[in-house]
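Student: I am new to this structure. Could you walk me through a few of its helices?

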Amino acid sequence: MKTTLTKTLGLCVALLLVACGGKQAKKSEATAQANIPTTSLEIEKPQLTFGFIKLTDMAPLAIAKEKGFFEEEGLFVSVEAQSNWKNVLDRVIDGQLDGSHMLSGQPIAAGAGFGRQAELVTPFSMDLNGNGITVSNDVWSKMKPNVPKSADGKPIHPIKADALKPVISTYKNNGKPFKMGMVFPVSTHNYEIRYWLAAAGIHPGMYTADNVQGQIDAEVLLSVTPPPQMPATLEAGTIYGYCVGEPWNQQAVFKGIGVPVTTNYDIWKNNPEKVFVMTKKFVDENPNTAIAVTKALIRAGKWLDEPGNRAEAVKILSMPQYVGADEVVLANSMTGTFEFEKGDKRSMPDFNVFYKYNATYPFYSDGIWFLTQMRRWGQIPEAKPASWYEETIKDIYRPDIWKKAAHMLVTEGHIPAMDIPETDGYKPATSDFIDGNTYDAKDPIGYINSFEIGNKDDSSL
């Protein structure tokens, strides 16, 4: 459908309705306008199916659909929940899904040589932060004496894994392995829980060609559990703690079965979490569609971070076709707070960020961090030169698509020009980590070598 024709028809409809007058006419006008695409792009594939996992950070997809942002771009989108992250990856690669909410590490691993290989791209980063590490009530009771307390008797945050170390030693002395869960081998959660443990001198295990579980030399045995199953797995005693996205940490508090001890905001402040992913083939064949999708998602991110919209977002996410968790559980983290031990609810306005701090922009430096962790823990088995990190991520992260979408949104008046970052794709070096270590994406080998635990590479590479 040509845009000029649709806009002309829309104007005619609006004039007719104004002439009729009355509340009903105004209501009909709003409905008519909502159904008229405003995009200036010729959409190659308007009917699309996107996937997601039932997590709070799928919110941009739900909002883009429910608030009509997809439709305004000439897109008619079905959004379907998937059973696990492997299923998400396979269905995108096989073309059963046109795109999906995905772990940041999935498209990177697919292009870097770990797991199933495919050419995947991300033009849009879905959020910052949003994860937590939760332990069982029993483990927390043993950790708590090791945690410094403030004058009011409450634990001082961030809680480091140093408090867990003697608990793990007790399990080991009793001949009992200490088991924790994460959601997928290339998930942010895997790297975050490893980072948290290793910062306290606890070895989380190495990957090798023969040990794809990543448990070589491990003091904590990490295994995969799909996010919605985390609380039940903890309650059953199969694992003693886990790292997962919301609402599954708050669900443990709500059910009284566990205590979140830290968030990924404290492990790495304003870290990237999920991304939206399509195949390179889809983007090459449908470039305008990819831009239109990105436009709608940027608008959704902006809407989510506008004051006063989170309560409505919680209602939308609580719908069974999206996250399907109780509103009170979702609101615990989505509305600017986070509850640790039951009753210990703290202000955490940036726990879920969808637009602020250029959250939607796919920075190369974010992607390179994941590559450094894959190398650190042995998922990338051989040392690579520094140039490889940049070359690899530039095939996967596509800020060029984001910029085209964002500039169009500026022209259309949906976002201000100041929201487009002036960047070479790299954020400045930062030490906003729980151990104070400095990450500079332009020196990936130096960063890998800065850790006591993990692989070390020749700095001359």
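Here are some questions and answers about helices in this predicted model.

Student: How are H3 and H15 oriented to each other, roughly parallel or roughly perpendicular?

Tutor: Happy to start there! Helix H3 (residues 59-66) packs with helix H15 (residues 310-317) at an angle of about 95°, their axes being 10 Å apart. Angles of 65 to 115 degrees count as roughly perpendicular. The two helices, H3 and H15, are therefore roughly perpendicular.

Student: Which residues of H15 make the contact with H3?

Tutor: From H3, the contact uses Ala59, Ala62, Ile63 and Glu66. By class, the contact has 6 nonpolar, no polar and 1 charged residues. On the H15 side, the residues are Ala313, Ile316 and Leu317.

Student: How many residues of helix H5 are buried?

Tutor: Let's list them: Trp85, Val88, Leu89, Asp90, Arg91, Val92 and Ile93 are buried. They pack against several elements, including strand S2 (76-81) and helix H6 (105-112). H5 is largely enclosed by the rest of the structure, because its buried residues number 7 of the 9.

Student: Which residue caps the N-terminal end of H5?

Tutor: Look for a side-chain oxygen that lies 3.1 Å from the backbone nitrogen of Lys86. The residue that caps H5 in this way is Asn84.

Student: Where do the buried residues of H8 fall, seen down its axis?

Tutor: In helix H8 (residues 165-173), Val167, Ile168 and Tyr171 are buried. Seen down the axis of H8, these fall within an arc of 100°, so they line one face of the helix. Lys172 and Asn173 are exposed on the other side. The arc that holds the buried residues of H8 is 100°.

Key
Residues numbered from 1 in each chain as written. Predicted model: local features only at pLDDT ≥ 70, side-chain atom pairs only at ≥ 80, totals over all residues. Heavy atoms only, no water. Axes fitted to C-alpha atoms, helices over the stretch in contact; angles between N-to-C directions. Helix = DSSP H or I, 4+ residues; strand = E, 2+ residues; numbered from the N terminus. Parallel < 35°, antiparallel > 145°, perpendicular 65-115°, else oblique. Contact = heavy atoms within 4.5 Å. Nonpolar A, V, L, I, M, F, W, Y, C, P; charged D, E, K, R; others polar. Buried < 20%, exposed > 50% of the residue type's maximum accessible area, 1.4 Å probe, protein only. Polar contact = N/O pair within 3.5 Å; in protein donor to acceptor, adjacent residues only side chain to side chain. Arc of directions from axis to C-beta.
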